[in-house]
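Student: I have a model open and would like to learn how to read it. Could you walk me through it?

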Amino acid sequence: EEASGTKFASPMDRLYKDYNKKLDEWHHDRAGSLNAVYGFLRRLGARWYLPGELGEVLPHQTNIALPSIDFVNRPDFAVRMFKWTSYAGGNRDDILWERRLGLSTGVDVWGASPTRSHGMRNVVGNPSLQANHPQYYALRGGGRDIHKNGHGTPCFSSDGLADETVRYVHSVHAIYGEPMVSIWPTDGLGKCQCEMCQPHDLTELVWRFVDRVAREFHKSHPELLVSTGAYSSYVTPPESIESFSPNLVVFLANRGRPWLAARSGINPRPGKTDKWNDYRTSLENWRASLAPVRLMRGENNRYTLKAIDDHGDARLTFPMLCPHSYAKDMALLKGFSLGERSEMPRGRSPYTWRAIGADHLNLYVHGRTLWDADLDIEALLEEYY
C-alpha cells in the first residue's frame, strides 16, 4: 500500500503456499541442471509414470556409459505448470514426480504471482474505490454492486476504473518486477445495467476494456505483458476488435479436452456439434486477433474430485482417461501458445491424490507433450502398457 499509494490488494498474498519446507524449494525454482540429469536418465530407459516407487521404472544395467555429450533440448512450451492446491503441502514423491516430468511454472514469462486468474478483484476490492467511486461498479437492481464476493462487480464503461486498472498494473510491475499482470475480470460476472453498458453484451464490454488497459500500459512498457481469460460469457473475441494490443495474453480455460480426440463419426455429446472442430475454430479466431504466441491454455483435471469437494465424502465421480486428447491438443497448440497451467486432481485438505490410479496416465502424457508436442503417443502408450 505504501509503495503504490493506494489499497490495491497484493497479487502476492498467497505466495507462501508455493514454498515447500520439506524440500526447501519454491515452486518457481529453476531446474535446468535437474532437467539435464533426468533427461539423461530417460535416455537410459528410466520412466516415472506416477509418484513414488510404484510409478518408477529403472531398467537393470551392469554399466552406464557417460560419453562426451553436447546436447541441447528446448521444451515446446515455456509454461508447463500443474496448479497445486498447496505446493507447500506436497510430499517429496509428488514434487519429485513433477520435476521428473520436466514441468516449470515459467517464472520468467509469467512471473511468480499466485494471482493468475481474476486479477481484477485486486483492483475493485480496493476499499477506497468502494467508498469514494461507486460509479466504477456495476449498476444492478437499482444500486451499485460494490461488495459482491468481497470485491464487487466492475462497470467496464467507467473511464475511472480503466485508469485505476492501468495504475494497478504499473504498481505490480514496479513493486514486484512481474513480467505479466492479470487483469482477468472477477468471477461470477454480471452485466452492468447503466446507460453506457446496456447497448453492448459482456463480450464487447470485457474485451474493449481489457484491450484499452493493455494498450495504455504498452505505451510505457512495450516489453511487458498483461493477461486475461476467455471465460464464461466472454469466451470469444468480439467482432469490433480486429487486432488486440500486442502485449495481451489470453488464457483459454476448460475447453473440454476429454472430448477432443473422439473417433471420427462418433459424437460423445448427443445433440452437440463436433467438439474438436468447434475448439479448433475458436483457437484460429483468437490466433488471428492476437500477436504471435499470446495464447495460454488451462484445463480442470479434477474429474475424480467433484463428489469429494461438493459433499465432503470419499466417493469418486468417474475416471476420465483421455491421453490421446492431451497429445492432440498439445500438437495443435505448438508454436502459438506460451504453455499451460492446469489444475490437478488433489484434495484440498489433506493435500493428497484421491485416485492417482485413474488420473496419472493423463497427467504423465500431459507433462511429456508439454515438453515435446510431436512425440509419438502410440509408442509412448505401448511402452507404458
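Student: Where is confidence lowest and where is it highest in the protein?

Tutor: This is a predicted model, in which local features need pLDDT of at least 70, side-chain atom pairs count only at pLDDT 80 or more, and totals for chains, interfaces and linings use all residues. Residues are numbered from 1 along each chain as its sequence is written, and side-chain values use heavy atoms, with hydrogens and water left out. pLDDT is the predictor's confidence in each residue, from 0 to 100. Here helix 9 (residues 306–311) is lowest, with a mean of 52, while strand 3 (residues 47–48) is highest, at 98. The protein averages 90, and 93% of the residues score at least 70.

Student: How many helices and strands does the protein have?

Tutor: Helices (H or I, at least four residues) and strands (E, at least two) are DSSP runs, numbered from the N terminus. The protein has twelve helices and twelve strands.

Student: What share of the residues is buried?

Tutor: Buried means under 20% relative accessible area, exposed over 50%, and partly exposed in between (1.4 Å probe, protein chains only). Of the 385 residues, 51% are buried.

Student: Is Arg43 buried or exposed?

Tutor: Arg43 is exposed, because its relative accessible area is 56%. Its place is in helix 1 (residues 32–43).

Student: Which residues does Arg43 touch?

Tutor: Contact means heavy atoms within 4.5 Å. Not counting residues up to four places away in sequence, Arg43 touches Ile69 and Phe71. Met196, by comparison, is 153 residues from Arg43 in sequence and 61 Å away in space, C-alpha to C-alpha.
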